[in-house]
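Please have the viewer open as you read.

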Amino acid sequence: MTQTTLSANATANNAATITAIGNYWNERIHDLEIATHPVGSTGFFRELDEYRFDKLRYLPEVVDFPSYKGKKMLEVGCGVGIDLVRFARAGAIVTGVDLAQVSIDLAQKNFEQNGLEADLRVMNGEALEFPDNSFDVVYAHGVLQYTADAHQMARELHRVLKPGGEAIVMVYNKYSWLNALSKLMSVDLEHEDAPVLEKYSIGDLKKILRPFSQVRIVPERFPVESKLHHGLKATLYNTFFVKAFNLLPRALVRPTGWHLMAFARK
Ligand SMILES: C[S@@+](CC[C@H](N)C(=O)[O-])C[C@H]1O[C@@H](n2cnc3c(N)ncnc32)[C@H](O)[C@@H]1O
């Protein structure tokens with residue numbers, strides 16, 4: 001097989017995977033399972049926000065939303081726009097893209113209900129339709145691990161970022177407490193059935209972020225009580241595991257955080 005045929009096949013495979021990823025996320029809105037209010041209602045978005053920032057209570061500690069006031073920001077894989085609304089509320093000028101039309105439509109509603117503005121579009125984060133050096137900040141939380149080619153998405157994030165701009169990325173940690181527990185207890189991770197779900201080591205993530213300089217990676221996301229799971233395993237987890245784990249010195253368990261948060265510069 002020639003090099004040209006090989007790369008043509010790779011491109012066709014990538015396009016097929018991107019289509020499958022878009023289809024999957026059109027049917028599975030992230031965190032939808034916990035919603036009790038009608039999809040798209042004010043109560044629905046409030047519930048998703050409360051759930052997310054309870055589960056990810058570390059997020060406002062490491063991402064100082066108010067400090068992005070006036071910054072031109074792009075979120076890739078914005079879902080229904082829960083984080084993007086927080087950035088916009090703080091005064092950032094926001095653009096959000098996602099492969100899933102359903103997410104973008106809901107994100108639009110979320111912004112309208114909050115009286116906020118955003119440029120929201122269905123777009124592939126591996127082939128961004130923005131010129132080079134367009135944004136002060138690019139944000140992709142829980143997205144690179146679900147795309148066909150994480151290296152290509154990182155190159156695109158780098159390309160559209162202005163020189164000196166900041167990239168904030170979160171991927172899942174291969175060597176985390178949650179990955180180990182999920183295997184031990186035979187409980188699937190969320191979106192285990194997605195067309196792509198990769199977990200990375202800190203070294204893997206550094207390679208993906210090679211186009212950037214000053215890459216700082218902080219493992220975060222330690223056990224909090226699950227509102228999603230029920231039954232005996234969930235009771236054991238909520239009653240014993242969460243409390244016992246959180247008694248351990250954070251410095252000791254820090255490398256096992258489920259979320260690898262990366263902060264990088266162009
Ligand atoms: C786990 S959800 C995360 C959503 C949101 N960032 C959050 O943290 O709640 C993953 C999102 O990434 C989007 N996604 C995956 N691959 C993408 C790509 N190549 N381009 C744009 N969005 C993508 C999916 O459609 C989905 O909305």
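Asp49 and Arg86 form a salt bridge, with their closest N and O atoms 2.9 Å apart; the term covers a side-chain nitrogen of Lys or Arg within 4 Å of a carboxyl oxygen of Asp or Glu. This is a predicted model, in which local features need pLDDT of at least 70, side-chain atom pairs count only at pLDDT 80 or more, and totals for chains, interfaces and linings use all residues. Residues are numbered from 1 along each chain as its sequence is written, and side-chain values use heavy atoms, leaving out hydrogens and water.

**Salt bridges**
- Asp49 sits in helix H2 and Arg86 in helix H4 (residues 82–89), so their contact ties together parts 37 residues apart in sequence (helices are DSSP runs of H or I with at least four residues, strands runs of E with at least two, numbered from the N terminus).
- Asp49 is buried, at 18% relative accessible area (buried is under 20%, exposed over 50%, partly exposed in between, with a 1.4 Å probe and protein chains only).
- Arg86 is partly exposed at 23%.
- Lys162 and Asp136 also meet in a salt bridge, at 3.2 Å from N to O.
- Lys162 belongs to strand S5 (residues 161–172) and Asp136 to strand S4 (residues 135–141), so this pair links parts 26 residues apart in sequence.
- Salt bridges with shared partners join Glu27, Arg28 and Asp193 into one network.
- The count by this rule is 14 salt bridges.

**Accessibility of the strand pair**
- Lys162 is partly exposed at 29%, and Asp136 is partly exposed at 23%.
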